[in-house]
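Visitor: I would like to see how the labels on this model follow from its coordinates. Please show it to me.

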Amino acid sequence: MHLDSIKVARENIKDVVVKTPLLHSKFFSDLSKNNVFMKCENLQLTGAYKIRGALNKMMSLTNEEKAKGVVCSSAGNHAQGVAYAANLMGIKATIVMPTTTPYLKVQSTKDFGGNVILHGKCYDDAYSFAKKIEEEQGATFLHPFNDIDVIHGQGTIALEIFEDLKNVDAIVCPIGGGGLISGISLAAKEINPDIQVIGVQAEGASAMHDSFHAKRLTPIPYVSTIADGIAVKCPGDLTFSLIQKNVDTIVTVSDNEIVDAFLALNEKQKLVAEASGAASLAALSKLDFEDKNVVSIISGGNIDMLTIMSLINSGLVSRGRLFCFTVELPNIPGELSRITDLLRETNANVVKLEHNQFKAVNKLRNTLLEVTVETNGYEHIASIKDLFKTQGYIIEQLY
């Protein structure tokens, strides 16, 4: 039943959305001991899958609804999808976004023609304000996930996956409110009832995970995760019911695991995704099977440069690729040169040096040197520490 509606949605949006590539990953395959493919919705028209559901929903509106305009709430990607679709169809769109939304997503939404209002600290705050606008102005509210037309639009991703890969054993999909995995699971389970559909949430935004395992809607009081695109305190009742029926399990991943996946995606696959987009890759190590064809949904790539730099640095630190330490030196000529000679001997690449006499414990005789170096991992860091110790230097590791 739902599969027919998803096929209709595919026809509705096919002239606008991009059929995104399904790319094989040797790196993530080796890591998970499965045959991993990436469905790259980060390469979608608006940088994320949300355009699919937004456009399909917009096409279902009556002329009267179109004339009154639309309003939505979004952490960023639904906003861009709604703004793009509304601009395409000549409909006025008001979009409420949390004040914590990354600048890139806010500006892109404006560039697509949306009237942006920033309100609240998370999606749920923005949702409440958008519903108020709906009531006061009569605009049609476009829910980002708890709407069957939106869900059918997102389900078109599954149709594309099966077109490109006939034998799919499992699909791993990030979850915020649940619209994406609801649509994908509806289509996938009708095409192949034996397929496993696995949801992924951030540990700090685990409302659907908690609800799924408790078998009842279980909102959480607050969210805390770098994956802003899936930071939802209260999942939808419609998506919850569909997920209960069609999703096999939901796992959680830590922010550190998301960062590691983000860094690997950049380094090994030369692809950029936002943190929520990399969540499905972070979950591959938690799969309890091997030698299966697994599709990971890379849900979006709308990420600003400052966040990219922050995530890369965090990933390098967590992998032991950046090592920062302080050491007190006698305040005499030649000591700094001795330190750089030791670092050269260990093949550590100096990123930053800060030399400050006034930070030393013994300010009259010593100076404090803070050093950041690029390393090859934790064994390399250990060898640097050992060498400095043999030369009488006491290192305090900062990270």
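Guide: Buried means under 20% relative accessible area. This is a predicted model, and side-chain atom pairs count only at pLDDT 80 or more.

Visitor: Why is Lys39 called buried?

Guide: Lys39 has a relative accessible area of 0%. The cut-off is under 20%, so Lys39 is buried.

Visitor: What makes Lys39 and Glu160 a salt bridge?

Guide: The N to O distance between their side chains is 2.7 Å. A salt bridge needs a side-chain nitrogen of Lys or Arg within 4 Å of a carboxyl oxygen of Asp or Glu, so the pair of Glu160 and Lys39 counts as one. Glu160 lies in helix α9 and Lys39 in strand β2 (residues 35-40), 121 residues apart, and the pair links distant parts of the chain. Glu160 is buried too, with a relative accessible area of 1%.

Visitor: How do you know that Lys26 is exposed rather than buried?

Guide: The relative accessible area of Lys26 is 58%. Exposed means over 50%, so Lys26 is exposed. The side chain of Lys26 meets that of Asp30 in a salt bridge, at 2.8 Å from N to O. Lys26 and Asp30 are four residues apart in helix α2 (residues 26-32), so about one helical turn separates them.

Visitor: Why is Glu163 called partly exposed?

Guide: Its relative accessible area is 37%. Buried means under 20% and exposed over 50%, so Glu163, at 37%, is partly exposed.

Visitor: What makes Glu163 a salt-bridge partner of Arg10?

Guide: The closest N and O atoms of Arg10 and Glu163 are 2.9 Å apart, and the limit is 4 Å. Arg10 is in helix α1 (residues 2-13) and Glu163 in helix α9 (residues 156-164), 153 residues apart. In total the structure holds 20 salt bridges.

Visitor: How are α1 and α9 placed, and why is the arrangement called roughly perpendicular?

Guide: Helices α1 and α9 pack at an angle of about 90°, with their axes 9 Å apart. Angles of 65 to 115 degrees count as roughly perpendicular, so α1 is roughly perpendicular to α9. The contact involves Leu3, Ile6, Lys7, Ala9, Arg10 and Ile13 of α1, and Thr156, Leu159, Glu160 and Glu163 of α9.

Visitor: What makes β1 and β9 edge strands?

Guide: Six strands form an open sheet with mixed pairing, in the order β1-β2-β10-β7-β8-β9. β1 (22-25) and β9 each have a single partner strand, so one side of each is left without a neighbour in the sheet. The twist averages 25° from one strand to the next.

Visitor: How do you know that β8 and β9 pair?

Guide: Five bridges join these two strands, which run parallel. At least two bridges are needed, so β8 and β9 count as a pair. Gln201 has Thr252 in β9 as its bridge partner. Helix α10 (residues 179-191) packs on the sheet, touching β7, β8 and β10, and its direction makes about 170° with that of β8. Helix α13 packs on the sheet as well, where it touches β1, β2, β8, β9 and β10; its direction makes about 85° with that of β9.

Visitor: What makes β4 and β5 a pair in the other sheet?

Guide: Four strands form an open sheet with parallel pairing, in the order β5-β4-β3-β6. Its edge strands are β5 (115-118) and β6 (140-141), each pairing on one side only. Strand β4 (residues 93-97) and β5 share four bridges in the parallel sense, and at least two are needed. Ile95 has Val116 in β5 as its bridge partner.

Visitor: Which residues have the most contacts inside the largest nonpolar core?

Guide: This core has 35 residues, and those with the most contacts inside it are Phe28, Met38, Val172, Leu265, Leu281 and Leu284. Its largest share, six residues, comes from α13. Beyond its neighbours within four places in sequence, Phe28 is in contact with residues including Val36, Met38, Ala261 and Leu265. Another core, of 33 residues, lies apart from the largest one and has Leu22, Leu159, Ile181 and Met208 among its members. In soluble globular proteins, nonpolar side chains tend to be buried together.

Conventions: Residues are numbered from 1 along each chain as its sequence is written. This is a predicted model: local features need pLDDT of at least 70, side-chain atom pairs count only at pLDDT 80 or more; totals for chains, interfaces and linings use all residues. Side-chain values use heavy atoms; hydrogens and water are left out. Buried means under 20% relative accessible area, exposed over 50%, partly exposed in between (1.4 Å probe, protein chains only). A nonpolar core is a set of buried Ala, Val, Leu, Ile, Met, Phe, Trp, Tyr and Cys residues joined through side-chain atoms within 4.5 Å. Contact means heavy atoms within 4.5 Å. Axes are lines fitted to C-alpha atoms, for helices over the stretch in contact, and angles run from 0 to 180 degrees between N-to-C directions. Angles under 35 degrees count as roughly parallel, over 145 as roughly antiparallel, 65 to 115 as roughly perpendicular and the rest as oblique.
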